[in-house]
Amino acid sequence: MCTNCMNGSTERYICPSCGKPADWDTNRPVTALPSKYILGGQYYLGKVIGCGGFGITYLAWDINFKRRVAVKELYPNKDVTRDRNGCFVNVILGQEEYVRHIKKRFLEEAQALYAFSSEPDIINVYRLFEENNTAYYAMEYLEGMDLKSALLKRGKMKWDQLSVYMNMVIGSLKSIHSRGLIHRDISPDNIFLTTNGRAKLIDFGSLRSYNNPNGLTTILKHNFAPYEQYRTNGNQGPWTDIYALCVTMYYSLGGVLPPKAPDRIMADKTVNIKQLCPDVPDNVAKAIHKGMAIMPQDRYQTVDELSRDLFGSQQVDAYVGVQPGQTTQASQSKFPHLEFIGSLNGKKWYMKPESSVVIGRDTSCNIQFPANTSGVSRRQCMVYVDENQKIWVKDENSSYGTFLNGQRVPPGGWLEASRGSVISFGKEQIRIC
């Protein structure tokens with residue numbers, strides 16, 4: 001198993017999927033668990049994909065369920081050390097109480113995420129456990145990048161693209177708020193844009209019940225945090241997340257951040273979003289600024305109110321899953337679409353640049369075949385349209401193979417397609433139109 005991508009076996013020491021040596025991990029932190037370590041009797045550890053002051057996140061292979069996952073380990077590096085075997089965690093003398101406290105918070109974060117496992121746009125936690133004198137949780141492995149990285153790489157977004165993602169985030173917040181909870185850390189680096197076109201909320205370390213004011217500590221992210229988060233036991237609620245979300249939209253569209261909330265109290269020098277992004281719709285500009293009001297009572301009190309003013313009565317079209325006969329911006333455009341022949345005969349799926357669709361029998365797939373469909377794997381293949389509208393087909397390490405115009409797509413690899421190409425597997429066919 002290639003520890004760099006966990007996407008298949010190696011051939012002649014070089015992984016055919018990622019093209020790197022099987023044990024390529026040149027920048028592995030010295031504090032990390034060893035590569036190929038079996039954690040919890042279930043997770044074969046690969047490369048380190050994240051490392052901060054309080055934890056380490058690994059790419060891993062779930063031996064039981066045959067899937068890639070991410071495993072997060074509690075490791076407050078200033079307060080603990082590894083023993084000689086590089087696994088067991090020892091707490092530095094005098095730091096025992098502090099480590100107990102952050103371990104409690106770590107477990108609470110995992111438990112909170114696990115409670116939202118049925119929500120499609122909140123990162124899914126599979127298992128929470130303790131080992132090596134510390135705590136871990138395994139969660140879905142996301143392919144893509146966070147919104148902050150996307151903005152740094154590609155620049156400001158247009159509203160027609162951003163609105164698709166914001167609609168998903170608002171749906172997630174609606175679910176969170178309905179349980180009396182608030183996220184308290186909405187920002188571009190906590191919104192993950194997946195390769196299959198979803199926007200998932202991540203990092204629930206600041207999640208709290210807003211019905212218990214004693215639990216609302218002063219935790220914030222400057223520029224994105226509203227005024228009440230700067231105050232001990234401030235009046236926090238759904239309007240707190242709404243402020244941060246509207247700042248996120250302001251930044252994504254305009255490319256700059258508004259002043260910090262306390263600085264706006266004396267003199268608000270926030271530039272109107274219409275000056276930074278003239279083509280943003282008037283209703284959207286008005287909604288963003290209302291959601292960014294300094295005082296909580298002047299903002300939207302629920303995400304439903306915000307959603308109505310942002311989107312009105314129109315359904316936000318994500319450009320995916322369009323059924324025959326529906327009229328959408330996508331179906332009238334030059335964007336490519338997929339037409340299914342076989343078990344899903346007649347189904348169409350429209351795509352826009354920089355979007356993808358995962359096909360298979362698993363419930364996590366965008367296009368899901370019936371469970372008893374022969375010749376179709378749980379995750380069969382992915383189709384991706386890049387920013388230049390080039391079309392790519394990837395085999396998701398399927399059992400029986402994916403074929404493009406009769407040529408087998410390398411397991412875990414990509415082939416370029418074109419309009420008129422036919423994807424086939426089992427008795428199923430998909431025509432790219």
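Are phenylalanine 129 and tyrosine 136 buried or exposed? Phenylalanine 129 is buried, and tyrosine 136 is buried as well. Buried here stands for under 20% relative accessible area, exposed for over 50%, and partly exposed for anything in between, with a 1.4 Å probe and protein chains only.

Before I go on, a word on the source. This is a predicted model, in which local features need pLDDT of at least 70 and side-chain atom pairs count only at pLDDT 80 or more, while totals for chains, interfaces and linings use all residues. Residues are numbered from 1 along each chain as its sequence is written, and side-chain values use heavy atoms, with hydrogens and water left out.

Now the overall picture. The chain has eight helices and 24 strands. Helices (H or I, at least four residues) and strands (E, at least two) are DSSP runs, numbered from the N terminus. Of the 433 residues in the chain, 51% are buried. Among contacts with a separation of 6 or more, 51% are between residues 24 or more positions apart. Contact means heavy atoms within 4.5 Å.

Back to the rings. A pair of aromatic rings is described by the distance of the centres and the angle of the planes. Rings of Phe, Tyr and Trp (its six-membered ring) pair if their centres lie within 6.5 Å; planes under 30 degrees apart count as stacked, over 60 as edge-to-face and the rest as tilted. Searching the whole structure gives eight aromatic pairs. In one of them, phenylalanine 129 and tyrosine 136 have ring centres 5.4 Å apart and planes at 15°, so this pair is stacked. Phenylalanine 129 and tyrosine 136 also belong to a cluster, linked by ring pairs, that includes Tyr43.

Another pair is phenylalanine 340 with phenylalanine 369: the centres are 6.4 Å apart and the planes stand at 55°, so the pair is tilted. This pair joins distant parts of the chain, 29 residues apart. Phenylalanine 340 sits in strand 14 (residues 337-341), and phenylalanine 369 in the loop between strand 17 (367-368) and strand 18 (381-385). Phenylalanine 340 and phenylalanine 369 are both buried.

Next, the helices. Two packed helices are described by the angle between their axes and the distance between the axes. Axes are lines fitted to C-alpha atoms, for helices over the stretch in contact, and angles run from 0 to 180 degrees between N-to-C directions. Helix 3 (residues 159-177) packs against helix 4 (residues 238-254) at about 165°, with the axes 11 Å apart. Helix 3 and helix 4 are therefore roughly antiparallel. On that scale, under 35 degrees is roughly parallel, over 145 roughly antiparallel, 65 to 115 roughly perpendicular, and the rest oblique. The residues making this contact include Trp159, Met166 and His177 of helix 3, and Asp241, Leu245 and Met249 of helix 4. By class, the contact of helix 3 with helix 4 has ten nonpolar, two polar and one charged residue. Ala, Val, Leu, Ile, Met, Phe, Trp, Tyr, Cys and Pro count as nonpolar, Asp, Glu, Lys and Arg as charged, and the others, Gly among them, as polar.

The contact of helix 4 with helix 8 has seven nonpolar residues, no polar ones and no charged ones.

Last, some loop residues. Most residues other than glycine have a negative phi, and most peptide bonds are trans. Asparagine 223 is not a glycine, yet has a positive phi of about 75°. Asparagine 223 lies in the loop between strand 13 (208-209) and helix 4, and is buried at a relative accessible area of 18%. Asparagine 405 also has a positive phi, of about 55°. Its loop runs between strand 20 (403-404) and strand 21 (407-408), and asparagine 405 is exposed at 53%.

Where is isoleucine 92 found? Isoleucine 92 is in the loop between strand 6 (89-91) and helix 1 (96-115), and is partly exposed, at 34% relative accessible area. The C-alpha atoms of isoleucine 92 and valine 80, twelve residues apart along the chain, are 5.3 Å apart.
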